[in-house]
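Okay, everyone, thanks for coming. Let me put the structure on the screen, and then I'll walk you through a few spots.

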Amino acid sequence: MEDYKFLFKVVLVGNAGVGKTCLVRRFTQGLFPPGQGATIGVDFMIKTVEVEGEKIKLQIWDTAGQERFRSITQSYYRSAHALILVYDISCQPTFDCLPDWLREIQEYASSKVLKILVGNKTDRDDREIPTQIGEEFAKQHDMYFLETSAKEAENVERLFYEIAAELRDQARSKDASVSSQQRTNHSDSIGLSSLSAKANYFSQNNCCTGGASSN
Ligand SMILES: Nc1nc2c(ncn2[C@@H]2O[C@H](COP(=O)(O)OP(=O)(O)OP(=O)(O)O)[C@@H](O)[C@H]2O)c(=O)[nH]1
Ligand SMILES: [Mg+2]
């Protein structure tokens, strides 16, 4: 039997072409795929990480950004422990669509889901969205924030390790203080008993600040 202490589901969403698949492949396979094609429906990858000696298995669902797949991808939100909402820092329309994505998340995901806003493609020199604008948007909407480059492997490991560590901490604090009220409120919507109400607090605790080298 596989040896891991926690299992978490992480779902990536965001406009077509922002680099969701490249981020996942960078993290799970350590490469930047040349000529990555558009995702059809949803792809699935697994990687087990170790945080402070504990093995945490991440099930990573990489959804298609294209509108025509929206009804398929929505069904994956519900069981997510963490949702990574990705935009392209060199493409303003992908940032302008974020409120639409948040509406989807609000409608289809658990209210306790951990939300992370990611501005990808920091290696590009034609940036359109300053780091600070992304950061402020994340803060306003109770999300963590990080800028990444799948191409140059910037902040990609950090993104997934921080998610794993945060979800583990939440699971731990829930284990420590599980109440019958929490059980009725959360277990059904999450599917696992491991996510705690701590997600409510993370807006005051933005763990990640850009840290991006834009060009
Ligand atoms: N410069 C640069 N290009 C990137 C980066 N990440 C992805 N790309 C490019 O962006 C394009 C789209 O990448 P994908 O990973 O397929 O985008 P996606 O978000 O999965 O798109 P859909 O599957 O259609 O939703 C590809 O041409 C990638 O090579 C990055 O960090 N830097
Ligand atoms: Mg894709």
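So, α6: it runs for 21 residues and spans 31 Å from first C-alpha to last, close to the 30 Å you'd expect at 1.5 Å a residue. Keep in mind this is a predicted model.

Which residues of α6 are buried? We've got V156, L159, F160, I163, A164, E166, L167, Q170 and A171. They cover an arc of only 165° around the axis, so they sit on the same side of α6. Note that E166 and Q170 are on that buried list too, along with the likes of L159 and F160.

For context, most residues other than glycine have a negative phi. Is N155 buried or exposed? Buried, because there are 23 C-beta neighbours inside 10 Å, and the cut-off is 20 or more.

K121 is another one with positive phi, near 80°, and again not a glycine. You'll find K121 in the loop between β5 (114-120) and α5 (131-140). K121 counts as buried, because 27 other C-beta atoms lie within 10 Å.

Last stop, ligand 1. There are 20 residues around it, and the nearest are G19, T21, A38, T39 and G65. By class, that shell has six nonpolar, nine polar and five charged residues. Which element gives the largest share of the shell? That's helix α1, residues 20-29, with three residues.

Okay, that's my bit.

How values were computed. Residues are numbered from 1 along each chain as its sequence is written. Chains are lettered from A and ligands numbered from 1 in the order in which they are written. This is a predicted model: local features need pLDDT of at least 70, side-chain atom pairs count only at pLDDT 80 or more; totals for chains, interfaces and linings use all residues. A residue is near a molecule or strand if its C-beta atom, placed from the backbone, lies within 6 Å of it. Helices (H or I, at least four residues) and strands (E, at least two) are DSSP runs, numbered from the N terminus. Ala, Val, Leu, Ile, Met, Phe, Trp, Tyr, Cys and Pro count as nonpolar, Asp, Glu, Lys and Arg as charged, and the others, Gly among them, as polar. A residue is buried if 20 or more other C-beta atoms lie within 10 Å of its own, exposed if 12 or fewer, and partly exposed in between; C-beta atoms are placed from the backbone. The expected span of a helix is 1.5 Å times one less than its number of residues. The arc is that of the directions from the helix axis to the C-beta atoms.
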